[in-house]
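Subject: Structure for your files

Hello,

The structure we discussed is below. My notes on it follow, so please read them with the model open.

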Amino acid sequence: MIEILDGTMETVNYFGDSRVKIYHNYENEAYPLHWHAAIEMTLCLEEDYTYSIQGKDVKLSRGDFIWLPAGALHSIYNPNNTGRRLITLFDPLILNAFTELTPLISFLSPYYVIRANEPKTKTLHSKLQKLASDILTLELEGSQFKNVLIYSKLIEAAAAIGNA
């Protein structure tokens with residue numbers, strides 16, 4: 001759900017003092033061409049989705065992950081008009097504090113896909129699926145340290161991708 005769009009620039013509307021927005025998207029909606037200052041990590045839960053990223057179409061199937069760095073110009077559509085996806089948008093500022101992650105962020109540009117059915121990334125996929133589940137659980141529980149705990153999972157996801 002894009003709430004604030006000025007031309008192609010999306011301003012992510014975080015809740016309160018959080019710098020993470022988690023959206024369990026099950027509505028039949030497409031997202032027009034846009035970019036944002038947040039990193040986007042999406043897990044395709046049901047059906048297929050197509051991301052158009054800087055002019056290239058990337059099809060995601062059930063279980064696939066995509067990581068988009070901040071500033072990536074993209075749109076999303078679902079040719080089946082049904083499905084679910086878990087979209088996590090987060091401020092990259094904390095990741096930028098770790099110098100070992102700096103080269104990773106540029107390596108992942110303009111996007112990085114982890115396929116559910118790819119044997120060579122099976123371990124990474126399992127880890128990311130677990131982290132996505134943990135992030136959603138933390139979001140729903142709403143503990144006092146929710147943001148810290150979610151960011152620790154996001155840092156762990158970035159490190160797992162970097163080690164793959």
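Strand β3 (residues 20-25) is mostly covered, with five of its six residues buried. Buried means under 20% relative accessible area, exposed over 50%, and partly exposed in between (1.4 Å probe, protein chains only). Helices (H or I, at least four residues) and strands (E, at least two) are DSSP runs, numbered from the N terminus.

Before the rest, two notes on the source. This is a predicted model, in which local features need pLDDT of at least 70 and side-chain atom pairs count only at pLDDT 80 or more, while totals for chains, interfaces and linings use all residues. Residues are numbered from 1 along each chain as its sequence is written, and side-chain values use heavy atoms, leaving out hydrogens and water.

Strand β3 runs antiparallel to β10 (residues 84-90), and six bridges join them; two strands pair if DSSP finds at least two bridges between them. H24 has L86 as its bridge partner in β10.

Helix α3 has 20 residues and reaches 29 Å from its first C-alpha to its last, close to the 28 Å expected at 1.5 Å a residue. The expected span is 1.5 Å times one less than the number of residues. The buried residues of α3 include L124, L128, A132 and D134. Among the elements that the buried residues of α3 pack against are β3, β10 and α4. A132 counts as buried at 4% relative accessibility. Leaving aside residues up to four places away in sequence, A132 touches L43, F65 and L86, where contact means heavy atoms within 4.5 Å. After α3 comes G142, whose phi is positive, near 65 degrees.

The structure holds nine salt bridges (a side-chain nitrogen of Lys or Arg within 4 Å of a carboxyl oxygen of Asp or Glu). One of them joins E3 to K21, with the closest N and O atoms 2.6 Å apart. E3 lies in the segment before β1 (5-6) and K21 in strand β3, so this pair ties together parts that are 18 residues apart in sequence. E3 is partly exposed at 37% relative accessible area, whereas K21 is buried at 7%.

Another salt bridge is between R19 and D91 (3.4 Å, N to O). R19 lies in the loop between β2 (9-10) and β3 and D91 in the loop between β10 and α1 (93-96), so the pair ties together parts that are 72 residues apart in sequence.

Regards
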